[in-house]
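I went through the model one element at a time and wrote down what I looked up.

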Amino acid sequence: MIQEIKCRRDISIEQLEYLLTTENKDCLEMLREEAVQTAQKIYGNQVFIRGLIEFTNYCKNDCYYCGIRRSNHCADRYRLTKEEILSCTDTGYKLGFRTFVLQGGEDPYFTDERICELVSEIRQKHPDCAITLSIGEKSKESYQRYFDAGADRYLLRHETANGTHYRRLHPDELSLEHRKQCLWDLKEIGYQVGCGFMVGSPGQTTETLYEDLQFIRKLMPHMVGIGPFIPQKDTPFAREPAGTMEQTLRLLSIIRLIHPHVLLPATTALGTIHPKGRELGIQSGANVVMPNLSPVDVRDKYKLYDNKICTGDEAAECRFCMENRMKSIGYQVVVSRGDYI
Ligand code: SAM
């Protein structure tokens with residue numbers, strides 16, 4: 001079955017159901033090994049690092065799962081100045097980062113003009129770096145402006161490809177059609193795009209996951225970000241159970257098999273639910289890690305979910321901690337833009 005999934009680069013709903021529920025250790029080990037071999041054939045034992053800068057936790061949206069949703073009045077809001085963001089990229093550059101990911105809530109303060117100014121300054125200072133934006137749903141025109149200013153990648157998790165499930169996770173003012181359209185627009189403009197979803201989000205089923213995988217096969221993104229859903233205590237989903245590491249690892253392997261070249265991060269959320277989550281993610285077919293470059297005094301405020309790791313560490317500590325973690329499992333962190341092959 002695993003060979004068939006690998007050859008067809010596709011999975012049936014029955015195969016998915018089996019792989020997500022089986023306790024057959026040999027089968028699970030084979031799934032993991034095939035995924036790792038597939039990643040290694042393309043990317044060797046190299047792991048790409050991206051420097052993550054969480055530059056604002058203001059958000060106009062109200063997604064039920066997210067700790068920085070607008071209705072969370074317990075969130076301690078912050079936004080970094082342009083100078084602070086540039087200082088993060090400078091520090092990151094010295095530490096060997098050649099990709100910066102600027103992530104934030106949908107913060108109206110950061111108008112297109114401000115985003116473009118920021119992107120073009122980073123582009124001028126660091127022409128050899130990739131600039132990734134992850135700032136939510138915008139018009140095609142805005143995406144084009146950021147691209148023209150020098151952004152080359154965009155991360156926008158689709159969250160779920162199923163309409164009913166999407167409604168369970170978001171208020172009526174947001175729509176799955178628009179989110180998907182944004183991804184198509186980004187691709188058409190020429191960005192390297194990343195979609196993705198949380199594993200174990202409330203209402204997720206094998207059927208919705210199957211639709212996620214089919215959406216990935218259709219979109220053929222350059223990146224897929226998946227990590228466990230983790231409840232945040234001040235959101236409507238505070239009492240919902242978290243997604244599990246086991247399901248996340250199985251899905252990482254499956255995604256590697258159906259989309260062999262994809263850039264696949266072992267996420268911070270995975271590291272949050274298990275101390276070796278990111279190492280296990282790489283050992284299940286992931287090939288990217290994203291250490292945090294945000295200033296330490298704001299780290300604790302970008303609380304999408306509870307108990308987030310690495311909130312007290314300086315950028316350099318995160319960078320070298322990650323290098324050692326990867327070394328311990330036989331992988332090498334590489335200093336390069338880490339483009340899709
Ligand atoms: N505003 C941008 C957007 O909408 O894409 C980027 C920021 S958003 C907070 C980044 C991602 O965090 C979301 O796509 C979502 O999948 C993830 N996230 C939010 N709340 C989470 C939670 N409770 N557990 C795990 N991941 C979460």
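**Entry 1: T272**

I began with T272, which I found in helix α11 (residues 268-273). Helices here are DSSP runs of H or I of at least four residues, strands are runs of E of at least two, and both are numbered from the N terminus. T272 is buried, at a relative accessible area of 16%. For burial I used a 1.4 Å probe on protein chains only: buried is under 20% relative accessible area, exposed is over 50%, and partly exposed is in between. Leaving out residues up to four places away in sequence, T272 touches I230, Y305, D306, N307, K308 and I309. Contact means heavy atoms within 4.5 Å.

A note on the source: this is a predicted model, where local features need pLDDT of at least 70 and side-chain atom pairs count only at pLDDT 80 or more, while totals for chains, interfaces and linings use all residues. Residues are numbered from 1 along each chain as its sequence is written, and side-chain values use heavy atoms, with hydrogens and water left out.

**Entry 2: the sheet of 6 strands**

In what order do the strands of the 6-stranded open sheet come? I read β2-β3-β4-β5-β6-β7, with parallel pairing. Two strands pair if DSSP finds at least two bridges between them. β2 and β7 (223-228) are the edges; each has a single partner strand, so one side of each has no neighbour in the sheet. The twist averages 20 degrees from one strand to the next.

I then followed some of the pairings. β3 and strand β4 (residues 130-134) run parallel and are joined by 5 bridges, with V101 opposite T132 in β4. Strand β5 (residues 153-155) is joined to β6 by 3 bridges, also in parallel, and there R153 stands opposite Q192 in β6. Between β6 and β7 I noted 6 bridges, again parallel; V199 has P228 in β7 as its bridge partner.

Is β6 enclosed or open to the outside? Of its 8 residues, 8 are buried, so β6 is largely enclosed by the rest of the structure. Helix α10 (residues 245-258) lies across β6 (192-199) and β7, at about 165 degrees to β7. Such angles run from 0 to 180 degrees between N-to-C directions, with axes as lines fitted to C-alpha atoms, for helices over the stretch in contact.

Helix α4 (residues 82-94) has 13 residues and reaches 19 Å from its first C-alpha to its last, close to the 18 Å expected at 1.5 Å a residue. The expected span is 1.5 Å times one less than the number of residues. I listed I85, L86, C88, T89 and G92 as the buried residues of α4. Seen down the axis of α4, they fall within an arc of 150 degrees, so they line one face of the helix. The arc is taken over directions from the helix axis to the C-beta atoms. On the other side of α4, E83 and K94 are exposed. The cover over the buried residues of α4 includes β2 (51-56), β3 (99-104) and α5 (112-125). After α4 comes G96, with a positive phi near 100 degrees.

On to α5, where D112, I115, C116, L118, V119, I122 and R123 are buried. Those residues lie within an arc of 165 degrees seen down the axis of α5, so they too line one face of their helix. Their cover includes β2, α4, β3, β4 and α6 (140-149).

**Entry 3: the sheet of 3 strands**

The open sheet of 3 strands has the order β8-β1-β9, with parallel pairing. Strand β1 (residues 46-49) is joined to β9 by 3 bridges, and V47 has V333 in β9 as its bridge partner.

**Entry 4: R337**

R337 is partly exposed, with a relative accessible area of 24%. Which residues does R337 contact, leaving aside neighbours within four places in sequence? I wrote down R50, R98, T99, D128, C129, A130, D152, R153 and Q192. The side chains of R337 and D339 make a polar contact of 2.9 Å. A polar contact is a pair of N or O atoms within 3.5 Å; within protein, one must be able to donate a hydrogen and the other to accept it, and residues adjacent in sequence count only if both atoms are side-chain atoms.
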